[in-house]
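User: I'd like to learn how to read aromatic contacts in a protein model. Could you walk me through them?

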Amino acid sequence: MFLVPLLIMGSSLVAPVPHSAPQVPCRRCCDHQEPAGGSRASPTQGISLVPEVHTYINMTILKGDKGDRGDRGTPGKAGQEGPPGSMGPIGSKGSKGQAGPPGDPCKVQYSAFSVGRRKSLHSLDSYQALVFDTVFVNLEEHFNIFNGKFFCHVPGVYFFNVNIHTWNFKETYLHIMQNEEERAIVYAQPSDRSIMQSQSLMLELELHDQVWVRLYKRERETAIYSDDVDVYITFNGYLIKDRVETQ
């Protein structure tokens, strides 16, 4: 069924090609003798040549249907990294997150004391510790009421204060001691009238340091005054800042 149109179309594509050879008269088979005069006729004389035919087929009309898509090829090598792009716009604020677990409680260290003495004291020896008989504050029992000394259980910076009442016509001479070292003095010359004297200071203490008040006697007698009614002699101290120990 397809041959007929193809032959028709093929015939439309055939074009005669002219031949440039000269035409010669036909020669009969009996004309084998040579003409007079000895001349011999050419073999092609008298023969009419057929035009040469070339066939051309237009392949575009033979194009088939589109085939299936082929398999995907293997990915190529990654190219070079490009330059960083410009910063994008700031995004919207996110929602509030959930509360985290509670942290460890902050460990706060405390240390403080305040003591007094209701009895007068006269110096008997060259060096004499001042002891107390009244306790106002004594956190964690860091102050020893029996020997009059504060024992450091929390290293750090402390504030200390001593208040005394002088005795008429007697010298007053005391030291605030850190261990066996004199840190500050409380002094009053003999006078015909008694006065209140005070001394304050801050000390940085190590663990197990001791702070106390020492009565000092020189050539003259040393004394401090108090009575059973009022408290004239006090010794106070408290922790300002503890030292954070590194782990």
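Analyst: Gladly! A pair of aromatic rings is described by the distance of the centres and the angle of the planes. Here, rings of Phe, Tyr and Trp (its six-membered ring) pair if their centres lie within 6.5 Å; planes under 30 degrees apart are stacked, over 60 edge-to-face, and the rest tilted. The model is predicted, so local features need pLDDT of at least 70 and side-chain atom pairs 80 or more, while totals for chains, interfaces and linings use all residues. Numbering starts from 1 along each chain as its sequence is written, and side-chain values use heavy atoms, without hydrogens and water.

User: How many aromatic pairs are found in the whole structure?

Analyst: The search gives 17. One of them is F113 with F160, a tilted pair at 6.2 Å centre to centre and 45° between the planes. F113 belongs to strand β3 and F160 to strand β9, 47 residues apart; strands are DSSP runs of E, at least two residues, numbered from the N terminus.

User: Are F113 and F160 buried or exposed?

Analyst: Buried means under 20% relative accessible area, exposed over 50%, and partly exposed in between (1.4 Å probe, protein chains only). F113 is buried at 3%, and F160 is buried at 0%.

User: Which aromatic cluster does F113 belong to?

Analyst: F113, F132, F143, F150, Y158, F160 and F235 form one cluster.

User: What about a charge over a ring?

Analyst: That needs NZ of Lys or CZ of Arg within 6 Å of the ring centre and within 35 degrees of the ring normal. K149 lies over the face of W212, 4.7 Å from the ring centre, and the charged end of K170 sits over the ring of W167, 4.7 Å from its centre.

Terms used. Helices (H or I, at least four residues) and strands (E, at least two) are DSSP runs, numbered from the N terminus.
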